[in-house]
Amino acid sequence: RCFFKTDMRHYIIIDAPGHIEFLKNMITGAARAEAALLVIDAHEGVQENSRRHGYMLAMLGIREFIVLVNKMDLVGYRQDVFDAIVAEYTEFLTSIGASPTTFVPISAMAGDHIVGSSDAMPWYNGQSVLALLDQFQPEADQSQQPLRMPVQDIYKFTDNHDDRRIVAGTIETGSVSVGDDVVFYPSNKRSTVQSIEGFHRDPVDTIGVGQATGVTLTEQIYIRPGEIMCRAKDALHPKTSTQFKANVFWLGKRPLSKQKSYKFKCGTQAVNGKLHGV
């Protein structure tokens, strides 16, 4: 990972090697990204790996990405080479429902169009990679989204007549406050937050996204690790079901099988399930 910042924001670049033997690395990196820079070698043109990378971005739902046609110095900075790659790859991306922000001809080694313009390619009138990065729109603020706290565990203390039952977990989105009515899914059990707990931390009335915390409830209800705590007043609640539809990256050494039971991990819950319609 590489870190840098501009006047606009801070960045973390996740370098995900695109070679076929490193597909696991690329999927892991791309799954954590908000945007992407997809690199094509101008000297080699559009290869199978180029199509594979575009398909992965589309499947992972990354909508903001730029295609960088690199090593333009190796093809004499020719516009016709760049235009041919743009035409071929645009046709492919359109077929899978993906649309890049733009294409940029670059030479990473020479620095052409990385942070500014290039005299070597006067025919390119677009912006540099850095300027385009600053135009990406970040994902919606998770603090403004509905509360989602997967329950990691329920702790019970007995020392010094402590009778608290603390529902512990990490807040993935939203926030929760003392006095909020909460509902747990999939059990649909309800209660009210009595206090917000934390180790070696001053008492707080509200806590938000990214924080590992615990809450006590006014009414003691039986819930299990793996359930998801939500605020009752939030308009959007999770749906519960025994089936869901998904696109799956399968990286196992043996083929995916409908005859086998697999363990699915969702938040802090792990359940056994089978595949249908593969």
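Which residues form a nonpolar patch on the surface? They are Phe3, Ile12 and Ile14, and together they have about 290 Å² of accessible area (Shrake-Rupley method, 1.4 Å probe, with only the protein chains shown counting as cover). Patch members need over 30% relative accessible area and no salt bridge, with nonpolar side chains joined within 5 Å and like charges within 9 Å.

A quick word on what you're looking at: this is a predicted model, where local features need pLDDT of at least 70, side-chain atom pairs need 80 or more, and totals for chains, interfaces and linings use all residues. Residues are numbered from 1 along each chain, and side-chain values use heavy atoms, leaving out hydrogens and water.

Back to Phe3, which sits in strand β1 (residues 2–5); strands are DSSP runs of E, at least two residues, numbered from the N terminus. Phe3 has a relative accessible area of 57%, so it is exposed (over 50%; buried is under 20%, and partly exposed lies in between).

Now hop to Asp112, in the loop between β5 (103–105) and α4 (129–133); helices are DSSP runs of H or I, at least four residues. Asp112 is buried but has no salt bridge (a Lys or Arg side-chain nitrogen within 4 Å of an Asp or Glu carboxyl oxygen). Its side chain does make a 2.8 Å polar contact with that of Tyr77 (N or O atoms within 3.5 Å, one able to donate a hydrogen and the other to accept it).

Last stop: Arg224, in the loop between β12 (212–217) and β13 (228–231). Arg224 counts as exposed because its relative accessibility is 54%.

Technical notes. Buried means under 20% relative accessible area, exposed over 50%, partly exposed in between (1.4 Å probe, protein chains only). Lys and Arg count as positive and Asp and Glu as negative; His and the chain ends are not counted.
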